[in-house]
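The following exercises ask the reader to describe a protein chain from its coordinates. Each task is followed by a solution in steps.

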Amino acid sequence: MVAPVNESCREYLKLLFFPYLIWSAAEYFILNRADGVLFSKSVASLIGMITILAFFIPIPAYLAKA
């Protein structure tokens with residue numbers, strides 16, 4: 001579930017999301033903080049995934065045309 005199988009967009013998103021999810025859950029339970037931690041971690045994960053999509057889709061398309 002966490003290891004990449006091929007170089008697809010989904011695999012890169014998976015490599016970001018699952019370790020971040022595991023680390024965020026561990027941090028939440030170890031520190032016992034509920035003051036916006038889950039929301040901020042969710043926003044950070046979403047921004048990371050959007051960044052991966054922003055670079056993964058246009059760059060290979062541009063390089064294929066060149």
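The exercises below concern this predicted model and proceed from the fold to helix packing and then to aromatic pairs.

**Exercise 1. The fold**

Determine how many helices and strands the chain has, and which pattern the chain follows along the sequence.

Solution. Begin with the secondary structure: the chain contains three helices and zero strands. Reading along the sequence then gives the pattern α-α-α. Next, consider burial: of the 66 residues in the chain, 15% are buried. Finally, turn to the contacts with a separation of 6 or more: 53% of these join residues 24 or more positions apart.

**Exercise 2. The packing of α1 and α2**

Describe the relative orientation of α1 and α2, the handedness of their crossing and the residues that make the contact.

Solution. Two packed helices are described by the angle between their axes and by the distance between the axes. Helix α1 spans residues 9-31 and helix α2 spans residues 37-56; their axes are 10 Å apart, at an angle of about 165°. Angles over 145 degrees count as roughly antiparallel, and α1 is therefore roughly antiparallel to α2. The crossing in which α1 passes α2 is right-handed.

The residues in contact come next. On the α1 side they are Cys9, Tyr12, Leu13, Leu16, Phe17, Tyr20, Ser24, Glu27 and Tyr28. On the α2 side they are Leu38, Lys41, Ala44, Ser45, Gly48, Met49, Ile52, Leu53 and Phe56. Sorted by class, the contact of α1 with α2 comprises 13 nonpolar, three polar and two charged residues.

**Exercise 3. Aromatic pairs**

State how many aromatic pairs are counted, then classify the pair of Phe17 and Phe18 and the pair of Tyr28 and Phe29.

Solution. Ring centres must lie within 6.5 Å for a pair, and planes over 60 degrees apart count as edge-to-face. Under this rule, three aromatic pairs are counted. In one of them, Phe17 and Phe18 have ring centres 5.2 Å apart and planes at 75°, an edge-to-face arrangement. Tyr28 and Phe29 form another edge-to-face pair, with 5.3 Å from centre to centre and 75° between the planes.

**Exercise 4. Exposure of the paired rings**

Decide for each of the residues Phe17, Phe18, Tyr28 and Phe29 whether the residue is buried, partly exposed or exposed.

Solution. The cut-offs are under 20% relative accessible area for buried and over 50% for exposed, with partly exposed in between. Phe17 has 30% relative accessibility and so is partly exposed. Phe18, at 22%, is likewise partly exposed. Tyr28 has a relative accessible area of 25%, so this residue is partly exposed. Phe29 has 59% and is therefore exposed.

How values were computed. Residues are numbered from 1 along each chain as its sequence is written. This is a predicted model: local features need pLDDT of at least 70, side-chain atom pairs count only at pLDDT 80 or more; totals for chains, interfaces and linings use all residues. Side-chain values use heavy atoms; hydrogens and water are left out. Rings of Phe, Tyr and Trp (its six-membered ring) pair if their centres lie within 6.5 Å; planes under 30 degrees apart count as stacked, over 60 as edge-to-face and the rest as tilted. Buried means under 20% relative accessible area, exposed over 50%, partly exposed in between (1.4 Å probe, protein chains only). Axes are lines fitted to C-alpha atoms, for helices over the stretch in contact, and angles run from 0 to 180 degrees between N-to-C directions. Helices (H or I, at least four residues) and strands (E, at least two) are DSSP runs, numbered from the N terminus. Angles under 35 degrees count as roughly parallel, over 145 as roughly antiparallel, 65 to 115 as roughly perpendicular and the rest as oblique. A crossing is left-handed if the near helix is turned anticlockwise from the far one by less than a right angle, and right-handed if clockwise. Contact means heavy atoms within 4.5 Å. Ala, Val, Leu, Ile, Met, Phe, Trp, Tyr, Cys and Pro count as nonpolar, Asp, Glu, Lys and Arg as charged, and the others, Gly among them, as polar.
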